[in-house]
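Good morning, and thank you for coming. Please look at the structure on the screen while I describe some of its features.

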Amino acid sequence: MLAAENLGTITGSATSSAVTTILLARHGETDWNREWRFQGHADPPLNQTGREQAADLSRALADEELSVVYSSPLRRAFETAEVVAAAHGLEPVAVEALREVDVGSWQGLTRAEVESRFPEQYARWLDHGQGWEDGETYEQMAERVIEALLELAAAHDGERILVVTHGGPIRAAFAFADDTSHAEARRSGPAIGNVFVAKFAAEGGALRRLD
């Protein structure tokens, strides 16, 4: 697995001067997705449906001129990225900061189990607020994800890149581009199913939605 190390803190010197197009894709399905389990930093692989979805994504992006493919290091994302990258003669590069949000004690639990064990937290989460009280907040996740995306854009000025990640990071990108909160992005944004793709233009340290 290739890896990008030591992505730096975003400063003026890390902003792109030309427009970089970022295709931001969610991974294919896992058994935990099918069972409505919170995955977070857990590492289940793609299931058969997920592998088929990755192949579908590869075909959908076949005509895109990609210069590089980056991915969360978690297997569900990296396996998806490998399928798409191979069709372009590329190898995906893992970036730690692109992981899903850490859901703490909710990890591995189904929604029904979370509702039973943490009813107040779960109700808050359903109302688009912060649910789990350990792990990582949405804001903490968004900070590392946006920093990484802007660093990658600056490293590929004027190019078109694919980033395979998770639902939380994609919502963080929507929130940043729209200058709104993660809660609002969850409330009003599109449903982000498996192998969902969003397009962004990155320029001057900002993201602009292209959908």
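Predicted model: local features only at pLDDT ≥ 70, side-chain atom pairs only at ≥ 80, totals over all residues.

Consider helix α2, residues 48-60, and helix α3, residues 75-87. They pack at an angle of about 35 degrees, and their axes lie 9 Å apart. The crossing of α2 past α3 is right-handed. On the α2 side, the contact involves Ala54, Ala55, Leu57 and Ser58, while α3 contributes Thr80, Val83, Val84 and Ala87. Of these contact residues, six are nonpolar, two are polar and none is charged.

The second pair is helix α6, residues 138-155, with α7. Here the angle is about 75 degrees, with the axes 9 Å apart. Angles of 65 to 115 degrees count as roughly perpendicular, and α6 and α7 are therefore roughly perpendicular to each other. Their contact includes Met141, Val145 and Leu149 of α6, and Pro169, Ala172 and Phe176 of α7. The contact residues of this pair comprise 10 nonpolar, one polar and no charged.

What is the volume of the largest pocket? The value is about 790 Å³. Its lining has 33 residues, and those closest to the centre are Arg26, Trp36, Arg111, Trp125 and Arg171. By type, the lining consists of 13 nonpolar, 11 polar and nine charged residues.

Thank you for your attention.

How values were computed
Residues numbered from 1 in each chain as written. Heavy atoms only, no water. 1 Å grid on protein atoms, 1.4 Å probe; cavity = no way out; pocket = protein on both sides within 12 Å on 5 of 7 lines; lining within 4 Å. Points joined across faces, edges and corners; volume = space filled by probe spheres on them. Nonpolar A, V, L, I, M, F, W, Y, C, P; charged D, E, K, R; others polar. Axes fitted to C-alpha atoms, helices over the stretch in contact; angles between N-to-C directions. Helix = DSSP H or I, 4+ residues; strand = E, 2+ residues; numbered from the N terminus. Left-handed = near helix turned anticlockwise from the far one by under 90°. Contact = heavy atoms within 4.5 Å. Parallel < 35°, antiparallel > 145°, perpendicular 65-115°, else oblique.
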